[in-house]
Amino acid sequence: MANLQALSEALIKGDRNKVAELTKAAIAEKVAPREILENGLIAGMNVVGKRFKANEIYVPEVLIAARAMHAALAILKPSLEAAGVKPLATVVLGTVKGDLHDIGKNLVSMMLTGGGLKVVDVGTDAPPQKFVDACKKEAAAVCAMSALLTTTMPYMKDVVQALKDSGVKVKTIIGGAPVTQAYAKEIGADGYAPDAASAVDVVKQLLGA
Ligand code: B1M
């Protein structure tokens with residue numbers, strides 16, 4: 001019998017080999033790919049997110065769990081595609097112009113992927129037009145921006161404005177060490193999240209999911 005509880009637990013521990021083995025076993029036992037994803041992998045990642053938010057675990061543990069999640073997703077991808085399981089929505093994510101910090105952004109990416117979203121990463125030092133072009137091309141529902149420098153934060157406002165000017169209909173969310181809820185309000189962003197786990201909650205709220 002496929003053990004999705006054990007799969008969740010292995011993911012929480014970041015045991016990549018065990019996660020890969022249990023994912024393969026569940027596929028071999030013909031467990032529905034959506035069930036493996038939701039009740040095994042996403043369920044485990046939700047626990048990781050909660051513990052990270054509560055400061056019970058830290059960045060290295062999250063990165064290790066995320067690495068295990070990626071290994072499982074690579075194994076599960078063909079079955080998910082064959083079963084027509086679609087991601088909840090597409091999120092375009094990047095670190096804004098002038099800013100090279102990407103550790104937080106990558107954590108956000110992993111958490112969003114773990115939350116069942118498709119992430120299109122435009123990288124670091126991304127000018128406003130790069131966000132706009134990616135949102136158009138990918139028909140994104142959400143545009144997510146990260147900034148770690150007080151000097152680059154203002155580019156978030158430029159992205160919000162460029163999206164409005166382009167007529168692309170996307171929700172926006174911002175985050176990063178110097179960013180606040182008040183700043184999000186000031187620049188007209190739809191959401192703000194203080195950490196990667198909360199970013200999943202905020203994106204889902206913005207999507208009404
Ligand atoms: Co830089 N750096 N850095 N740096 N760096 C900081 C940010 C700084 C606070 C250090 C300091 O002076 N105490 C300072 C900023 C000061 C300020 O503006 N207020 C600083 C500076 C000044 C600089 C340079 C200008 C230094 C120089 O060259 N003179 C330079 C700028 C380069 C550039 O970007 N143009 C620079 C360079 C670098 C490195 C390249 C060496 C390296 C980055 C490597 C990389 O990212 N690949 C680096 C690092 C590592 C840091 C510190 C030490 C760590 C940042 C980090 O990764 N934290 C940082 C000091 C510190 O924070 N202790 C510092 C871990 C990460 C998980 O946290 O990114 O905050 P964080 O992400 C969190 C949340 O913020 C949130 O979720 C994440 C996890 O929960 N979050 C979001 C992030 N994005 C989000 C998006 C969301 C939602 C939540 O929605 C979309």
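Predicted model: local features only at pLDDT ≥ 70, side-chain atom pairs only at ≥ 80, totals over all residues.
Helices α3 and α5 pack with their axes 9 Å apart, R16 lies in helix α2, and the structure holds 0 disulfides.

**How α3 and α5 pack**

- Two packed helices are described by an angle and a distance, both taken between their axes.
- For helix α3 (residues 33-53) and helix α5 (residues 103-114), the angle is about 140° and the axes are 9 Å apart.
- Angles over 145 degrees would count as roughly antiparallel, and α3 and α5 are therefore oblique to each other.
- On the α3 side, the contact is made by I42, M45, V48, G49 and F52, which meet L107, M110, M111 and G114 in α5.
- Sorted by type, the residues of this contact are 7 nonpolar, 2 polar and no charged.

**A look at R16**

- R16 belongs to helix α2, which covers residues 16-28.
- With a relative accessible area of 37%, R16 is partly exposed.
- Beyond its neighbours within four places in sequence, R16 is in contact with R67, A68 and A71.
- I36 sits 20 residues from R16 along the chain, and their C-alpha atoms are separated by 15 Å.

- A disulfide is a covalent bond that joins the sulfur atoms of two cysteines.
- C135 is in no disulfide, and its nearest cysteine sulfur, that of C143, is 3.9 Å away.
- That distance of 3.9 Å is too far for a bond, because a disulfide needs the sulfur atoms within 2.5 Å.
- C135 counts as buried at 2% relative accessibility, and C143 is buried with a relative accessible area of 0%.

Note on methods
Residues numbered from 1 in each chain as written. Heavy atoms only, no water. Axes fitted to C-alpha atoms, helices over the stretch in contact; angles between N-to-C directions. Helix = DSSP H or I, 4+ residues; strand = E, 2+ residues; numbered from the N terminus. Parallel < 35°, antiparallel > 145°, perpendicular 65-115°, else oblique. Contact = heavy atoms within 4.5 Å. Nonpolar A, V, L, I, M, F, W, Y, C, P; charged D, E, K, R; others polar. Buried < 20%, exposed > 50% of the residue type's maximum accessible area, 1.4 Å probe, protein only.
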